[in-house]
Amino acid sequence: MRTAIAVSGLVKDFGPRTRALDHLDLQVETCEVHGFLGPNGAGKTTTIRVLLGLLRADDGHVDLLGGDPWRDAVALHRRLAYVPGEVNLWPNLTGGEVIDLLGELRGGIDPSRREELLERFQLDPTKKIRAYSKGNRQKVALVAAFSSDVELYLLDEPTSGLDPLMEAVFQDVVQELRTAGRSILLSSHILSEVEALCDRVTIIRAGRAAESGTFDELRHLTRTSVVVDTAKPLASVTRWTGVHDARVQDTHAQFSVDPGELNHVLEHLVDLEVRSMVTSPPTLEELFLRHYDEDISGAGAAAEVVRAR
Amino acid sequence: MSGFTGTTRLVRLALRRDRFTLPAWILGMTFFLAATTAMFENNYAEHPELLMPDTQVVIENPGMRVLGLVTGPTIGGYTLHRDALTLAALAALMSVFAVVRHTRQAEELGREEMLGAGVVGRYASLGAAVIVALAANVVLAGLLGLAMFATGQPLTGSLVAGTSIALVGVAFTGVAAVTSQLASTTRGATGLAGAALGVSFLLAALGNMLGAVDSAALRVTSAWPAWSSPIGWGQQMRPFADDLWWPAGLSLLALGLLSWVAVVLVGRRDVGRGMWPERRGAAHARSSLLSPTGLVFRLQRGALLGWGVGLVGFGLVFGALSEQITGTEGEATEWYATFGGDADLLGAYWASMMQMAGMAVAAYVVTLLLRLHHDEAQGTLEPVLGTAVSRVRWLAAYAVNALVGATLLILLFAGAMVVTGGPALGHPASLLRDLVGAALVQLPAIAVLGAAVLALVTLWPRWSVGLSWALVVSAIFLGPMFGPSLGLSTWLLDLSPFTHVPNAPAVAISLAPVLGLLAACALLASAGVVAMRRRNLALPA
C-alpha cells in the first residue's frame, strides 16, 4: 500500500517562542479515511496548512502524494481538494458561483456530480455567501470539494456547523469515496463521526502525535472497567498493581485495570471466588477525554507506548 | 432614551480599540501642517516681496482655485491653500473610517450581534461612533490651530484654520453615519461616503473656479456650488482674513440632520442588513468568472464603476473650464509656464489636470492592490491557494486588473475632457490625440506606486496598509502639484514617481524618464514576487 501523506519530525514555529508543531509524525495510507483528532490549538490546522504548502515547514520531512507540498504546490493541488475549518468566502458571490470557481481553479468539476451533491446537501446555489448561515457556508465548501474527482481530500473539521441530517449525508459521501479508493484526512471533534468513518486515527497534542493506530489498537492502550461480585471480601483490591479508581463495598467492587495487568488481576479474583463479573472495553469518549485532559508529560508517555509497540 | 443605553461604555470600547489609530491620524496631520507652515514662514522671511505676487497667482488662476481659496496676502492663508484640501480629505476619511469601523463593520463581522444581546440600546453603537469621531475632530481642530500658531501665525486665524479643516471631518461623520445604514457591507458604506467626498470636492472646486476675482486679485467670491459642499463651507471661513465662524454652523447642522436620519434608518432595519433587500444571484458561474483574473475583476468591478463615473464627471467639468484658462492673465500665466517652459497655457493646464487624474487613479490602484492583504488577513486567499493556483498567478491576477483598470480610468478622464473641452476650443481631433498621449504617459508612475504596494503587501503584510497610504501621500506631495512650491531639495522631489512624468501635452513626451519608471516598477514587482514565493501566509487562525 502506498502512502498518501507521510510526515515525520515536522516542526513549525511561529516566532521564537511559539512552537506550533513539535516533531509531528503522521502517516495516511492510500484508500484510507484517517481521523485527525486533538484538542483546540493542538496544531491540526497548522499541519493541514503545511500539507497545502501555505506554511513552510521549519524542520522534518513532508511527503504528499509523492511530492513536496511547498515546492510542487500547484501540481499537487490538482490532485487534492480542501475544505478549510473556517470557511471564508467572498460575500458578494453566490454559492453556485463559488462552487464553479473553486472547481475550475482546481482543474474542472463534473457538472452532474455537482447537481447531485447540491441535491443531497439541500443547498440553494442562488444565495449570496453573506446570506448563508455557517452550516450552509460549510456546505458550499463541501460541495465544491466533493464535486472534484481527486485522489486526496483534506477536510478540516468539515461538519462543525452541520445539522444531524446533513452530518449523515456527509458520512454517506465519505463512505462512497472510500469505497471508490480515495484517501481522506479528516480532522474532527465528533467521535461518532470518526468512529463511523475512520480506518485509523492520529491523536495530536501540543504539536506532537500522542497516539496513532486503529481503534482496536488504541483501545488496547486503555484501561478496562470491571464490576465484580465475589464470595470472599474484596478489601485487598486497592493494593493490586494496575488497579485504579476502585470502589469497594464488602464483596462488591468497581474498578478499572491497566491493559497489561488484566491477567494478574484475574488471577487474584479467582482466589476470591468470583460469582459474577462484567468487564467492558473503554468507550471512545473515555479514550479521547484522557488525551484531551492529560498534561503534556502524560501525552509524551503515551507516545512512548506507541513507539514501543 | 433607552435606545441609547450603554453608549458611554461603547464609547470607551471604541476609544480603546482606536487608541493608536486616531492619534496616528491626528498627529500625522498636525505634524504635516506644522512642517509646511514653518517652511513657508522661512521662505517668505527671506523673500517677503514674493508673498503678494505668489498669492495673486493662486487667486487669479482658476486651475489653482481647484485646491481652495486664499484671501489676502498672508503666509497662513498661502500655506492653507497648499494644505487645506489634503487635510480636509484626510479629516473626512479619518471620520468615515472611524464611524464605519464602529457601526457597519462591527455588524458585518458579527460583533454587533454580541453587543446587541447585552444591555445595549439599538442606537448605542451609532451614538458611540458619532461621539468618538466628533471628539477626534475637536482634538484635531485644536491641534491644527496650535500647529499654525506655534509656527508664527496669528492665534484667531490659526484656530479658524484648524476648525475649518476639522469641520469637514464633522460633516463626514454624519455622512458615514447614514451610509453605514444604507449599505450592508463595510466596503459599500466606505465607498458611498467616498463618493460623497468626491462630489463635495467637485462642487467646491467648481464654485471656486467659476467665482469672481476682485480688482486687486486678492479675493475670490465663490459661485453658488461652493456653498453646497462641506469642503466649501470650510473654505468660506476664510482663515487669516475674514476669520468667519458662522459657516462652521453649517457643518454642525449637517451632522445633526444626518445623525437624525441615521437614527431613523437604524429604527427601520434589521441588524446585519442594509436598507436594500438581499437579492438572489446566478446558480452557475459565468465562464468569465472562472479564473483568478476574472474573480478579481468581479470583486472590484463595483469600485471600478464608481471611480469611472467620478473621473468622467471631473473630466467633463475640467474640460469645460479649458476656455476659462485662455482668459487667464497676470501672474498666473507664469505658474503655468513652469509646466511647459513656454507660453502654451492650455497645454500646461491640461498637463496639470492630467497629473491630478493620474494621482486619483494611483489611489484607485492602491485600494485595489491592498485587497491582496485583505484576502490574506481575512482568509479568502486560503481556498484559492488550496486549488491549483500558484501565488504568483494570484499576484498577476491583481496586477493585470490594476493595469487594465488604471488605463481605462485615465482614458475615460481624457475622453471626458475632450468631450467638453474640444468643441469649445474648436479642434477636438488634435486635442484627443494630445490628451490620450498625456493620459497614457501617467501610467508608468502609477505602476511604480502599484508595484511598491505589491512589495509592501508581500514583505510586511501587517504594516502594508498604513505604509502604502503614507507612500501615496508622500508621492503626491513631492510630485509636481505641490513639490516645487515647498522649496525642498531636488533629490527629495525626485523620489516621487510623479516628478518624472513628462508634462504632456505641454511638452513632448521623452522616453528616458518613462523607461526609468518602468525599470523601478519591474524592480519593486520582482521583490514582491520573490517575497511572496518564499514566505508563510499570514492566514487567520
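**Packing of helix 5 of chain B**

In the predicted model, B:Leu85, B:Ala89, B:Ala92, B:Leu93, B:Val96, B:Phe97 and B:Val100 of helix 5 of chain B are in contact with B:Thr186, B:Ala189, B:Thr190, B:Ala193, B:Leu197 and B:Phe201 of helix 10 of chain B, contact being heavy atoms within 4.5 Å. The residues of this contact comprise 11 nonpolar, two polar and no charged, where Ala, Val, Leu, Ile, Met, Phe, Trp, Tyr, Cys and Pro count as nonpolar, Asp, Glu, Lys and Arg as charged, and the others, Gly among them, as polar. Helices (H or I, at least four residues) are DSSP runs numbered from the N terminus. The axes of helix 5 (residues 75-102) and helix 10 (residues 186-209) of chain B come within 10 Å and cross at roughly 155 degrees, and the two helices are therefore roughly antiparallel (angles over 145 degrees). Axes are lines fitted to C-alpha atoms over the stretch in contact, with angles from 0 to 180 degrees between N-to-C directions. The crossing is right-handed, that is, the near helix is turned clockwise from the far one by less than a right angle.

Helix 5 of chain B also comes within 10 Å of helix 8 (residues 124-150) of chain B, axis to axis, at a crossing angle of roughly 160 degrees, which makes this pair roughly antiparallel. The crossing of helix 5 and helix 8 of chain B is right-handed, and its contact residues divide into nine nonpolar, six polar and no charged. Among them, B:Gly76, B:Thr79 and B:His102 belong to helix 5 of chain B, and B:Ser125, B:Asn137 and B:Met148 to helix 8 of chain B.

Residues are numbered from 1 along each chain as its sequence is written, and chains are lettered from A and ligands numbered from 1 in the order in which they are written. Local features need pLDDT of at least 70, side-chain atom pairs count only at pLDDT 80 or more, and totals for chains, interfaces and linings use all residues, while side-chain values use heavy atoms, with hydrogens and water left out.

Key
Angles under 35 degrees count as roughly parallel, over 145 as roughly antiparallel, 65 to 115 as roughly perpendicular and the rest as oblique.
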